Amino acid sequence: MPTPAADDPHDAHRSIKTVLDTLGLDDDVEGRVFSFLQHRIRDVIFVLEVCAPEQYRFIYVNAAFQATTGIPPEAVVGKLVDEVIPPESIELVRSKYRRAVETGESVHWDEVSNYPTGTKVGEVTVTPVPAAADGGIATLIGTVHDITERYQAQQHLAELEERSRLALEASGSGSFDWHAHTRQVYLSDKCRQILGLVAERIDLKTVTLERLAHPEDRPAAAAMLAQVRSGMLPTFALELRIRHLYGHWVWVRCRGRALLDGEGRVTRVFGAISDITPNKEAEEAMERASLVFAHSSDAIAISDALGRIVMINPGFTRMRGYGEAEIIGRTADFYSTGMEREFHDESLRTEVAASGHWKGELWSRHRDGHLIAEQRSVTAVRNPSGAVSHYIEIASDITRAKKDEELLWRQANYDSLTGLPNRHLFMDRLRHAIRHTHRGEHPAFSLLYIDLDQFKEVNDTLGHPVGDQLLKEAARRLLHCTRDTDTVARLGGDEFTVLLVDMHNLDKEDPHVIERVAHDIVEAMSTPFHVDGETLHLSASIGITHFPDDAGDADSLLKHADQAMYAAKHLGRNRFAYFSPAMQERAQDRRKMSDELRQAIERGELQVHYQPIVELGSGRIVKAEALLRWRHPERGWISPVEFIPLAEETGLIFDIGEWVFRTAVSDTVRWVLEQGQPIQVSVNVSPLQITKGGMSFARCMAFLEAQGLPRHSIVVEVTEGSLLQHDRTVEDRLREVEEHGIALALDDFGTGYSSLSYLQQYQFEFLKIDRAFVGNMRTGSRQLALCKTIIAMAHTLGMRVISEGIGDEDEAELLREAGCDFGQGFFFHYPMPAERFEHLLRARDGSSGARAV
């Protein structure tokens, strides 16, 4: 049964004595123990009676209880713990008591409670005392060791440590703490974040300096740590690179202190680690910036908020010629040219103030006075308050680049020979004039397209240097005939253009001003040119168009002027002609014919006809000239005079010429080799085929070679125009013709230059007198005299003569008497298809030489 509650101290004494009696002590020992517990022990001792489950009554407390809690024993003994223990602690106390009762073992805990003497922290121990009768727990003896001061000291220390930690982290640093006896380092959260480590502590046995530190930093770090561990360096500071968990290097600053024991051995090292990577990167950037500043080829100047220069780099002196002593304290106006100062003061500073930056191209002046083209940038540097503290000016010398750019622009837009605008610049100005007209800035303008007549002949005969001098003089004369506001351009070759704008500024009383300018140009170009001792006579053909009457765009306007120029040439040259819709219609007709001619080749509309050539002495057919004919499905037969020049212009002449040659050779093979009819066939060759035939010419020669015809079965007729270009190509082509067994005939002799040098230079077998000398020829006429002279000359040079265009028997007889070898013309035979000519060959043995159409 539980003992009754003690009502006074004596009863309490009897209660503790009863507890002591259970220990089996004799009276003397028990008395001394009781006295010691009561008065000498500073720890609180209390005895609880276990009254019922979860019910505990105080039956004894010693004197220290009152000293600690401020509650006298008489106010405690006999009361339940619920009446004494503060409410905030009662649940903890009950759980501990219950555990002691249930386990029969002592229970320890720290308890914080509020008493009249204040908040107390104690180390509490409760030990169960079994009852003698049944062994159940009847009593709990407890002690409380007051650790309030130690607890408060620990709390204060924890607060200090927390403050230190917060201060370190606020500064971006983390802390570390190394203990010598464990060789482990304790790391704060910030420290682990800096290093990229996960564990709160690391073991230096596994995480070594070699694994963490950068190879370049290891020697210095190892030497310093050795001094710290030996106790020779109680405080230290070190900067090094540590490998982060993610593999990159982190610059850290490590500061620490070593604690020594009584024997001078290091027991602990603690300190702080800061991430100084941004600082190092900034230092490296600053170092690079210093290197750039010192070694840059650009001129760099730093000025204050008022624009006064406070620092320059060597590049500034190299570019501008000014040293520090001459430029410090001055503004950029000092070296800006007069034309840039106003701009520099107003526009530049306004933009820099608004956006913080300006960049552009301007001119400055070197110390020696010469101008510098430069690309300059100015950047405003602001202080933390946002006000401009400095300006940084960086300038690059682009003078050479500007000159190169100007040269390239001039080369791209001006003719290198005459100095006039070229086609590109002319077209740009032409389109510009059209835009101005559309905007109503001037009502209209005119375009003159000029071609120099006879220039090609002069250039071919006297050479390109003379031609170049002639073109330069022609350009000078054109400029003299026009105004400064007009554009005179050279499109290429001997073609020039004049753009007459601002017509409203001319004399309003002269409605024929454009015509007057054209007259002046015609007259200027017809004046003899004196070049390298040669007096040269040229003329100009001019086509004139007006905008917007003659075209709505630049290309069409130029094209129509070109058409008008060709019309002037057809009218006899040395004149000008205005564009008309009829010209455009003719141009469209030519374009349509060009397309149809291309289709004619594919559709088989072209035919080769043969005109027999007779031997005047016997009247026998011994030759034939292959003549090209075009039978249009709608227009019928089209004259070669219409489509051959068109074929030469479009380049179709090469395909057509090759087809004609192959056809004529194939027909000749049939007549000579297959039918045994001896005949010589002539083929006309265009000058373009000789000078630019290339592969087409080579294919023709290869085709002829493969047929096996007797030598000189084929005759190639060339005109004097083919021989005007004294170049290697013409000589090589004609020599190649001779090597392939082809005879040469000089066609239309007497209508061109009739140069005897051609007859001497090339091995012509035949000379053909043009029909212009034969028509209406009578006894005693000048035509007959010229023909006799040509025949005599040809025979002297070993050539035989063919006369073209014989229209009647009288002409044939006169030429036969003059010694002409062969005759060709309508008097003998008209051109005919190959089939009819073949029948004619079969019947020629019975022919008497009379005219047979």
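**Exercise 1. The packing of α22 and α24**

Describe how helix α22 and helix α24 are placed, and which residues join them.

*Solution.* Step 1: find the helices. α22 spans residues 653-674 and α24 spans residues 695-707. Helices (H or I, at least four residues) and strands (E, at least two) are DSSP runs, numbered from the N terminus. The model is predicted: local features need pLDDT of at least 70, side-chain atom pairs count only at pLDDT 80 or more, and totals for chains, interfaces and linings use all residues. Residues are numbered from 1 along each chain as its sequence is written, and side-chain values use heavy atoms, with hydrogens and water left out.

Step 1: take the geometry. Two packed helices are described by the angle between their axes and the distance between the axes. Here the axes of α22 and α24 come within 10 Å and cross at roughly 10 degrees. That makes α22 roughly parallel to α24. Axes are lines fitted to C-alpha atoms, for helices over the stretch in contact, and angles run from 0 to 180 degrees between N-to-C directions. Angles under 35 degrees count as roughly parallel, over 145 as roughly antiparallel, 65 to 115 as roughly perpendicular and the rest as oblique.

Step 2: list the contacts (heavy atoms within 4.5 Å). From α22 come F654, E658, F661, R662, V665, S666, V669 and L673. They meet S696, R699, C700, M701, F703, L704 and Q707 of α24.

Step 3: sort them. The contact holds nine nonpolar, three polar and three charged residues. Ala, Val, Leu, Ile, Met, Phe, Trp, Tyr, Cys and Pro count as nonpolar, Asp, Glu, Lys and Arg as charged, and the others, Gly among them, as polar.

**Exercise 2. The largest core**

Name the residues that touch the most other members of the largest nonpolar core, then follow F661.

*Solution.* Step 1: know the term. A nonpolar core is a set of buried Ala, Val, Leu, Ile, Met, Phe, Trp, Tyr and Cys residues joined through side-chain atoms within 4.5 Å. Buried means under 20% relative accessible area, exposed over 50%, partly exposed in between (1.4 Å probe, protein chains only).

Step 1: pick out the residues. The largest core has 76 residues. Y610, F661, I714, I769 and F837 touch the most other members. α22 gives the most to this core, with nine residues.

Step 2: follow F661. Neighbours within four places in sequence are left aside. F661 is then in contact with V683, C700, M701, L704, I714 and I742.

Step 3: look elsewhere. A second, separate core has 33 residues, including L448, I514, V517 and V522.

**Exercise 3. The sheet with β1 to β5**

Give the strand order of this sheet, and find its edges.

*Solution.* Step 1: write the order. The open sheet runs β2-β1-β5-β4-β3, with antiparallel pairing. Two strands pair if DSSP finds at least two bridges between them.

Step 1: find the edges. They are β2 (55-61) and β3. Each has a single partner strand, so one side of each is left without a neighbour in the sheet. From one strand to the next, the twist averages 35 degrees.

Step 2: check the pairs.
- β1 (residues 44-52) and β2 share six bridges, and F46 is partnered with V61 in β2.
- β3 (residues 107-115) and β4 (residues 118-130) share nine bridges. W109 has V124 in β4 as its bridge partner. Two residues lie between these strands, which form a hairpin.
- β4 and β5 (residues 137-146) share nine bridges. G122 stands opposite D146 in β5.

Step 3: α5 (residues 87-103) lies across β1, β2, β3, β4 and β5, at about 155 degrees to β3.

**Exercise 4. Backbone details**

Locate a cis peptide bond and two residues with positive phi.

*Solution.* Step 1: the cis bond joins F547 and P548, with omega about 10 degrees. P548 sits in the loop between β22 (539-547) and α19 (554-570).

Step 1: Q454 has phi near 65 degrees and is not a glycine. Its loop lies between β17 (445-453) and α16 (455-462). Q454 is partly exposed, with a relative accessible area of 29%.

Step 2: R573, also not a glycine, has phi of about 65 degrees. R573 lies in the loop between α19 and β23 (575-578). Its relative accessible area is 35%, so R573 is partly exposed.
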